[in-house]
Amino acid sequence: MSRHRFFGIPFLIAALTSLMLVVAVACGSSSESETTQDSSGEASATSVPVATSAPAASVPASVTRQEKLTIAITDMGNETPTVWQEYAFGKAYMRFLYDAFTGTNDAGEVDKTTGAAIDWSMSADAMDWTFTLRDDIKFHNGDPLTAEDVKFSIALTSSEDSVASYAGTVRAAIADPDQITVVSPTELQIHASKPSGFLNWFISDIQGVEGLIQPKNYTESVGNDEFAKSPIGSGPYKFVDQRKGDFMEMEAMDDHWRNGGSKFKTVLWRIIPEESTRIAALKAGEVDVISVSRERAPQLREDGLNIFSKEGASVMGLYFHEQWRDDSIWKDINVREAFNLAINREEICEFVFAGQCTPAKVYPWPDIAPGTDKSLTPLPFDPVRAKELLDASDYNGEELAIRSYPRADVPEGPRFIEAVAAYLTDIGVNVKIIPTEYASYRKERLAHTLDNGSGYLAAPNRPLAGFVGLMRVLNHSTGTFTSTHDPEIDRLIEALEAGVSPADVEAASIALYQYMYSQFSHLTCCNMNISYATNDRIESWDLGKRVWDDGFSNLVQP
Amino acid sequence: MMANVIDTAAIQPVKVSRLPKIFAAFKAAPVIPLTIIVVFVLAALLADLVTFHDAYQVKLPERLVPPAWVGDTTVMKTVSETVAIDELEKKITLTKASAIDSSSQVGDRIEVVVRQGGSWSRPLGTDPLGRDILTRIIYGARVSIIIAGAALAIGGGFGTLVGLTAGYYGGKIDTILMRFADITLAFPLILFAILLVMVLGPSMMNVIIAISLVLWARYARVIRGEALGLMQRDFIARARVSGASDWRIMMRHLLPNVMPTLIVLLTLQVGWVIIVEASLSFLGAGIPPPTPAWGGMLSEGKEYVSTAWWVTTAPGVAIMLVVMAFNLCGDWLREKLDPKQRSI
């Protein structure tokens, strides 16, 4: 009897566990069979029938539309698909949903064939701009895209509540939406607040989401909250479903003016913060494209996966936040120089970034960027001098709090921060690492509450016009993300913005670059490659030269 | 008849050694778990003396060195071209291959060392920043023992006080205190701790506070049950009749009688606290880097599970051994201190 009881309970547990396992495996395999595809991307015989292999009627006959493309990345910005509630990190998916006012191409130039504006002109004083729009763009609900929608979107983007990364740049050029005059449904005039030779760039999709167009009528009819849950754009894909922090699903429009019939019927964006999990998902065939660290890219190439990279695509640096505060350790230039001399850039490049980067000179310009002084050299590793400078400075052992967080483009971020913290500790800096998420750090940056705090960012390369817009945001006293209040920097940025001819702008950019180099305004580290790994379904991929979007839309181009 | 007279003055007290009793008590002691605990505690206390490396010193060129017993990792490669290094102006960085036979010809299949083997100067290898893993595990033990000690002292102490109060007074006080305990126990533990640490910010003190705030309820529940049973006993009634204050009855009569239960509970909870601390550190809500913490070390190594297994294995094994040792010792203590268990 006792023997019975002894064996009975474990047996029951084992039987129940086995049953649950069988059910779980059965469920898992059945759901997988619905999405299984063969190597060509066509749905296999066991997957959802008929609709998958037959292209939609309006898709050109030459295009073989595949069922689904799954992209796994670390984060997707705010995951709030409106033009004023999303920032630059969400731009990759936003360009699938929306069209830009001024279009751009993969070479990183404004392009009259890829945006709503097909023509524009500027007055001699760069104060007045006239734009002509295409008349054949329709939103996903069938409404036509007009000049009213453009004015409405610029007003949203440049509003005080906007979280768009370069909203400040737009605001500086168009202080009041009333400066925008709708002449007709296809014509728009903008009177700038100051000479703006690059206005068309500021409202393009070259940098953040500022140039994207959201429908006025639909937004006003459903309200902002409802719109954010079920957005309507005019891009090549329409919004289907979303679970924040997990996925966003989009479905291709049948015949989009910009993309034609997109190659994939569905695009699924998945957020997988852990790199190992992303790699496992790619190898298991669950996803097709993943962002991958520089360290893992060579190994994955050896494993037979495709690696696509942008070389020297961004520059990694740490901010010296709120330098203007009286109690800021950064106020003293000796401290800033000491920090810059304390880190061994060569070693970081070699061992943290697997040799796939090079020491850089001045953040936020990668060495390949336009408008830079090529004669300058990266600051050397000189811990002895750094310690001397620190000893001679006003630094008295105050705690430096460095925020550490993983990011899609820098999975090595936390390791990089630990390495930097170790170098700084070696020269006598009292460093504290605060693990957090980028979104939290960004809020602190916006609120300017990072006294004696630091955090890293990889600033992507951009065209000259991009730097014109960026520098106010990052370093002008009025910039939303500024870490400096230096009258000389302000003057140089204003001179940069006032430039109309490319030669003037380049000269102003070089002057600013040289000044920031001499002032050690940031802790500049290295120029980095950006890499993605894909399976065999992606044979070629031009990552382009846009900022914050590595050509994801090229993956779906027919 | 003469009565036997005993000269009491001549009787000398027999000196009975206590050692046999102590040995008897430890006769069935779990030797291996106790040894692990002793090593764990000594390592934590004497970390500065028993380590040869700096737990915080980053040495990037020495990153991901495998454990001492792991030899060179080699792969077979085909020579595709030969270059005259002396004539080459460009610096070559060979991060993957460290030894190539210079006599090889194009087309040869050669064995290339892609990772050097380990050495006994770093017995358990190094982490992604070149820090000695054994040293960090030893210092991590110190972090674990500080957190476990502090959390158990605070949480256990407060919980015991609440349990004794509830059991002694009963009635509404008991009901109110136990409802608070129920609410605490009902909340998902890790989520609660993460929320707390996220609000307060990650630090050792905040981890201790977070764990203590969750821990007290377990003690309160168990001790209250014990106290309720003891309240029916005659010695409590006698203490009351003799005019002892409530506080004196709780501290002098109830507390000593719940002590065996408390000790067992404390021992069993050490492992639990270590697991919670490791979980919080793994999730990024625990001890912030670069302080060595076992959970944090696991987290740092998770990206390297397939390429540098030792980064996660070493702290994982440390957590497993220590938690298992405390659990086994807790079970043994329970048997020793609980008369009911002994009679079975």
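## Architecture of chain B

Chain B contains 12 helices and two strands. The model described here is predicted. Read from the N terminus, the elements of chain B follow the order α-α-α-β-β-α-α-α-α-α-α-α-α-α.

Of the 344 residues in chain B, 35% are buried. Among contacts in chain B with a sequence separation of 6 or more, 76% involve residues 24 or more positions apart.

## Helix α11 of chain B

Helix α11 of chain B covers residues 310–337.

Which residues of α11(B) are buried? They are W310(B), V311(B), A314(B), P315(B), A318(B), I319(B), V322(B), A325(B), F326(B), C329(B) and G330(B). The packing partners of these buried residues, all within chain B, are α2 (31–45), α4 (133–169), α9 (246–282) and α10 (294–301).

## Architecture of chain A

Chain A comprises 17 helices and 18 strands. Its length is 558 residues, of which 52% count as buried. When contacts in chain A between residues at least 6 apart in sequence are considered, 71% join residues at least 24 apart.

## Helix α8 of chain A

Helix α8 of chain A runs through residues 275–283, and its buried residues are E275(A), R278(A), I279(A) and L282(A). These residues lie on the same side of α8(A), because they cover an arc of only 95° around the axis.

The elements of chain A against which the buried residues of α8(A) pack include both strands and a helix: β1 (66–73), β11 (289–292), β18 (522–534) and α9 (297–302). Just after α8(A), G285(A) adopts a positive phi of about 85°.

## Contact between the chains

How many residues does each chain bring to the contact? Chain B provides 19 residues and chain A provides 17 residues. On the side of chain B that touches chain A, the residues divide by class into 11 nonpolar, five polar and three charged.

Notes
Residues numbered from 1 in each chain as written. Chains lettered and ligands numbered in written order. Predicted model: local features only at pLDDT ≥ 70, side-chain atom pairs only at ≥ 80, totals over all residues. Buried ≥ 20, exposed ≤ 12 C-beta atoms within 10 Å, placed from the backbone. Helix = DSSP H or I, 4+ residues; strand = E, 2+ residues; numbered from the N terminus. Arc of directions from axis to C-beta. Contact = placed C-beta atoms within 7 Å. Nonpolar A, V, L, I, M, F, W, Y, C, P; charged D, E, K, R; others polar. Expected span 1.5 Å × (residues − 1).
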